[in-house]
Amino acid sequence: MASLLSIFFILIGLTGIYSVTTVSKVPVKVGDSITVPCLYESLYKNHVKYLCEGRVWNYCNYAIKTNQPGSSKKFSISDNTEQRIFTVTINELKDGDTDFWCAVERDRQSDVGKYFELSLTEDVPGLLVLNKEITGFIGDNITINCHHSISGDMQWCKLGSSSCVKEHSGSIDGTRVTINSSIPDVSSVTMSGLRLDSSGWYWCAKGDLQMPVHVTVKEKMKPTTGIETPHIVQDGQQSDSSFLKSLLIPLSLLLILVMVTLLVWCILKRQKQTQEELSVIIMTEQEISGNKSDNRQKSHPENDDDVVYSDVVTKNQQTRNKAKEKDEDAVHFSLLLASSSTADTMAVPPSYADLGKSAKDIFNKGYGFGLVKLDVKTKSSSGVEFKTAGSSNTDTNKVVGSLETKYKRPEYGLTFTEKWNTDNTLGTEITIEDQIAKGLKLTFDTTFSPNTGKKSGKVKTAYKREYVNLGCDVDFDFAGPTIHGAAVVGYEGWLAGYQMTFDTAKSKMSQNNFAIGYKTGDFQLQTNVNDGAEFGGSIYQKVSDKLETAVNLAWTAGSNSTRFGIAAKYQLDSDASLSAKVNNNSLVGVGYTQSLRPGVKLTLSALVDGKNINAGGHKLGLGLELEA
């Protein structure tokens, strides 16, 4: 009986540990400071909070308490009882400052606490947010740039909320969230249509790392006179930003108008040249045909029906006549071939998301750092395709899996897709292509989570033909649908693209991206500007049949951090390839892919921190693909 009571009290103590919530692992550079938020239950509003240092809960040491806030220079603490969050700040971090607990004192009971770890590094952390204090106004949008150099899913979460937004878009407590990861090593999180309850602590999550960010939302100041006064912020930064934003939309529309005008002019000019060349070819054909008929009439005159004529042609003359006719036919064929090559239309330009895809593939494909992956693809006799994928993260030991089935009816242009993953999310996708109009693709995408009851829907449209590739997606949400639009035009290797996101609930543009590129058979160049703040570019070159190289560069306005990377892929033989890449943080990645047999492919990869080779933390990856 005594042992049962002991187990009971131990379980009570362990349950108390989860009465406090905080981040789990925060990357910080040695010598810097970090502020960590800790959320507690409402019944602990009037209790003393404290920071405890040490890895084991029962043996950790007091660092600072709320009833003794000025007792330490290294640590500081503050408590916001309205939001039920107390924050702890640790200054001048040094080696060994890694293990801490957010804790709350309880009378006549064991204290409760939650553990968090600081991942210290001598160089730039694997996850970084330059501005961790963001201020916005009701109805406006804010953007947080999360810089990262590690692999894993990107998430945006709020402390105290049960939901997170992963990779693309979603909402948290009624606030629209969009994640844009088009620039390598940067994920831009945009919160649209801010509300007062949007204030609070959030964090960027990449892999097993989390970086806390505090967002404050204020009401806009209403002018007391009839003249509207602009909101003034120190150093005039906000007024300049508002002025630029007010010009951004009309300038974007003007640029699109100029691009469309140039495209139409080029197409008309090309058609006029083609018609002139075709008219010359037709006249040449007529002259050749006329010469042939004249020669035949001279050889076989039909002046008298009663007389029968016969031609006596020697063998050498006959050979010469055939050679002459063959030369005339060859001229005719070459002219038609020139006509077809001249009238040949340009290939369809890629979608906006695929601009610079060749360079992205060199950097991303053939690697799987910190993961053990298995992909299986099969196809039944009835035409149903099955795709099963599973991976295990060696850092977090988290295992995720997914199952996808696809059935196509080509005669109707229909594709049915069903998806399921280990987050217990069900997805259904129906695609209709080239039926309503040539080059038009319609997709209806829905997801449903049985655990939470959350539902979402999206309608995707894509239209592509010579010189142009258009796309428009409508993401339905209770807060109001969001429209994602993109357009790419191309002419003689030059590409220009525009991407936007419009929040209909607030009638505001939350994303404004431009891209320009040039593409030939073995060389590609692409540059882009996202929201006027993120600048990036990439270069791809196929040096030979076996060697491909790529370079990328990215820079964020308002910061001194520039990201740079070089990658290459070498085809050893028809069954094996070697990939390698390195960035400005001295992170070196190597990948080896081998086809063991038809339908079986093995991938081995490794990531080495060149600046901290002896410190550990390097990652290995293993991938196996099976297809039958």
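## The C146–C204 disulfide

In this predicted model, C146 and C204 are joined by a disulfide, with 1.7 Å from S to S; a disulfide here is a pair of cysteine sulfur atoms within 2.5 Å. The bond ties distant parts of the chain together, as C146 sits in strand β12 (residues 142-148) and C204 in strand β18 (residues 200-206), 58 residues apart. Strands (E, at least two residues) and helices (H or I, at least four) are DSSP runs, numbered from the N terminus.

How buried are the two cysteines, C146 and C204? C146 has a relative accessible area of 0% and is buried, and C204 is buried with 0% as well. Buried means under 20% relative accessible area, exposed over 50%, and partly exposed in between, using a 1.4 Å probe and protein chains only.

## The other disulfides

By the distance rule, the model has four disulfides. Counting bonded cysteines along the chain, they pair as 1-4, 2-3, 5-8, 6-7.

Another joins C157 and C164, whose sulfur atoms lie 2.1 Å apart. The torsion about that S-S bond is about 120°, so this disulfide is right-handed.

## Helix α4 and its buried face

Which residues of helix α4 (residues 357-364) are buried? They are A359, I362 and F363. Seen down the axis of α4, the buried residues fall within an arc of 95°, so they line one face of the helix; the arc is taken from the directions from the helix axis to the C-beta atoms. An α-helix has 3.6 residues a turn, so residues three or four places apart point the same way.

The cover over the buried residues of α4 includes strands β32 (534-542), β33 (547-556), β34 (562-571) and β35 (576-583), where contact means heavy atoms within 4.5 Å. Just after α4, G366 takes a positive phi of about 90°.

## Reading the values

Residues are numbered from 1 along each chain as its sequence is written, and side-chain values use heavy atoms, leaving out hydrogens and water. Local features need pLDDT of at least 70 and side-chain atom pairs count only at pLDDT 80 or more, while totals for chains, interfaces and linings use all residues.
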